[in-house]
Amino acid sequence: MSIWWSLHLRREAASVPLARRLLLGAMETAGVDPDISYDLSVALSEACANAVEHGGHRGRGASSEAYRVTAYLDGEMCRIEVADAGPGFTAADRPRPAHDDAESGRGLFLIRELADHVHVGNKPGRGGAVVSFDKILKWRRDPALLTV
C-alpha cells in the first residue's frame, strides 16, 4: 500500500498539532503500529515547531508565512519531509547538545532518536531548510484500511 499527502501550513503554533493529528489519523487508518505512529508524530511535531520558529525572515523585510509537510507511507517505510522558506541551515546551525535545563534546542536530536534515518539540509535554489526523516513501519494485526 502507498499513501502520501502534502500540507501547506501557516507558520503558526496551531499548525503543529494539526499536522500531527493528520499523520496519526493516516497511520491509524493504514494499520501502522501505535508505537511507531507515536514516534513519528513526535518527530513531526519537533520538525514543524522548528519551521514555525525558524522558517521565516529571509533578508531585510522579507518573511515567509508558510511551510510544507509531506508524508509518504510506502510499503514498509514512512518518509516525512518538512520544508520552510527561511534562511536555511549554516555551518553554525549544526546540531549541538542542549543543556539539561534548556527549554529549546533539542528538536533535531529528538528527531534523530525517533527516526531511522534523518537528513537536514537546505532547499536548492530559493532557499529554506528541509528536514526529512524515515522510519521502518510495523503493522497492527487488524488495519482498518484492509478490513473495509
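**Figure 1. Burial and overall layout of the predicted model.** Of the 148 residues of the protein, 43% count as buried. The coordinates come from a predicted model. The secondary structure comprises 3 helices and 5 strands. Among contacts with a separation of 6 or more, 67% join residues 24 or more positions apart.

**Figure 2. The largest nonpolar core.** This core holds 37 residues. Those with the most contacts inside the core are L40, L44, Y67, I80, V82 and F133. At least two core residues come from each of the helices α1 (15-30), α2 (34-54) and α3 (107-114). The strands β1 (2-10), β2 (66-74), β3 (77-84), β4 (117-122) and β5 (129-136) also supply at least two each. Helix α2 gives the most, with 9 residues. In soluble globular proteins, nonpolar side chains tend to be buried together.

**Figure 3. The surroundings of F133.** F133 is among the residues with the most contacts inside the largest nonpolar core. Neighbours within four places in sequence are left out of this view.

**Figure 4. Packing of α1 against α2.** The two helix axes come within 9 Å and cross at roughly 155°. An angle over 145 degrees counts as roughly antiparallel, so α1 and α2 are roughly antiparallel to each other. The crossing of α1 past α2 is right-handed. On the α1 side, the contact uses S15, V16, A19, R20, L23, L24 and M27. On the α2 side, it uses S37, Y38, L40, S41, V42, L44, S45, C48, A49 and V52. By class, these residues are 12 nonpolar, 4 polar and 1 charged.

Figure 5. S45 sits in helix α2. Is S45 buried or exposed? Its relative accessible area is 12%. Buried means under 20%, so S45 is buried. Apart from neighbours within four places in sequence, S45 is in contact with V16 and R20. Both V16 and R20 belong to the α1 side of the contact with α2.

**Figure 6. Packing of α2 against α3.** The axes of α2 and α3 lie 9 Å apart, at an angle of about 155°. With over 145 degrees counting as roughly antiparallel, α2 and α3 are therefore roughly antiparallel to each other. Their crossing is left-handed. Helix α2 contributes D39, V42, A43, E46, A47 and N50 to the contact. Helix α3 contributes G107, L108, L110, I111 and L114. This contact has 7 nonpolar, 2 polar and 2 charged residues. V42 of α2 takes part here and also in the contact with α1.

Figure 7. D35 lies in helix α2. Its relative accessible area is 57%. Exposed means over 50%, so D35 is exposed. How far apart are D35 and K138 in sequence and in space? The two are 103 residues apart in sequence. From C-alpha to C-alpha, D35 and K138 are 8.9 Å apart in space.

Definitions and conventions: Residues numbered from 1 in each chain as written. Predicted model: local features only at pLDDT ≥ 70, side-chain atom pairs only at ≥ 80, totals over all residues. Heavy atoms only, no water. Core = buried A, V, L, I, M, F, W, Y, C linked by side-chain atoms within 4.5 Å. Buried < 20%, exposed > 50% of the residue type's maximum accessible area, 1.4 Å probe, protein only. Helix = DSSP H or I, 4+ residues; strand = E, 2+ residues; numbered from the N terminus. Contact = heavy atoms within 4.5 Å. Axes fitted to C-alpha atoms, helices over the stretch in contact; angles between N-to-C directions. Parallel < 35°, antiparallel > 145°, perpendicular 65-115°, else oblique. Left-handed = near helix turned anticlockwise from the far one by under 90°. Nonpolar A, V, L, I, M, F, W, Y, C, P; charged D, E, K, R; others polar.
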